[in-house]
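Hi everyone, thanks for making time. I'd like to walk you through a structure today, so let me put it up on the screen.

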Amino acid sequence: LFIFAEPIIRIFLGEQWLPAADYIRILTPMFLVRFIVSPISNSALVMGKQLMTMIWQFGLLLFALVPTGVAALCDLTVKNYLLILSISLAIAYFIFYVYCHYIVKEYQSR
């Protein structure tokens, strides 16, 4: 989608929807990280780490709310808001990926 967003939108939705291609490019890295981490996140639940998973879910909410607050205070453009949101959530998902990787390695070493 990152590479072919513009031609796909031009073909299926028309020229007036081309700004959506920029939004897709901005959000693609975040969805890529989310796509990888979401199935792995179940390992934390399986290993009895429900409290840590709940804390991460609250952290994820904060990672989503902070860019929204910044956008409200700083009058950001839609592209800048989506960029900050995408980076913020990608970082949050990556942090949880590292945590899940750690607990799986810890479990395997037993």
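Okay, let's start with L60. If we skip its neighbours within four places in sequence, L60 is in contact with L89, A92 and Y93. Before going on, keep in mind that this is a predicted model.

There's also a second, separate core, made of five residues, and among them are A5, I9, L18 and A21.

Now for the largest nonpolar core. How many residues does it have? It has 17, and the ones with the most contacts inside it are A44, L60 and F96. Helices α2, α3, which covers 50-74, and α4 each put in at least two residues. Which helix gives the most to this core? That's α4, with ten residues.

Next, let's look at two of those helices together. α2 runs over residues 19-46 and α4 over residues 78-108, and their axes come within 8 Å of each other, crossing at roughly 20°. Angles under 35 degrees count as roughly parallel, so α2 is roughly parallel to α4. As for the handedness, α2 passes α4 in a left-handed crossing. And what is the contact of α2 with α4 made of? Its residues divide into 21 nonpolar, four polar and three charged.

One last stop, I91, which sits in helix α4. Along the sequence I91 and V33 are 58 residues apart, yet in space they are 8.7 Å apart, C-alpha to C-alpha.

Notes
Residues numbered from 1 in each chain as written. Predicted model: local features only at pLDDT ≥ 70, side-chain atom pairs only at ≥ 80, totals over all residues. Heavy atoms only, no water. Axes fitted to C-alpha atoms, helices over the stretch in contact; angles between N-to-C directions. Helix = DSSP H or I, 4+ residues; strand = E, 2+ residues; numbered from the N terminus. Parallel < 35°, antiparallel > 145°, perpendicular 65-115°, else oblique. Left-handed = near helix turned anticlockwise from the far one by under 90°. Nonpolar A, V, L, I, M, F, W, Y, C, P; charged D, E, K, R; others polar. Core = buried A, V, L, I, M, F, W, Y, C linked by side-chain atoms within 4.5 Å. Buried < 20%, exposed > 50% of the residue type's maximum accessible area, 1.4 Å probe, protein only. Contact = heavy atoms within 4.5 Å.
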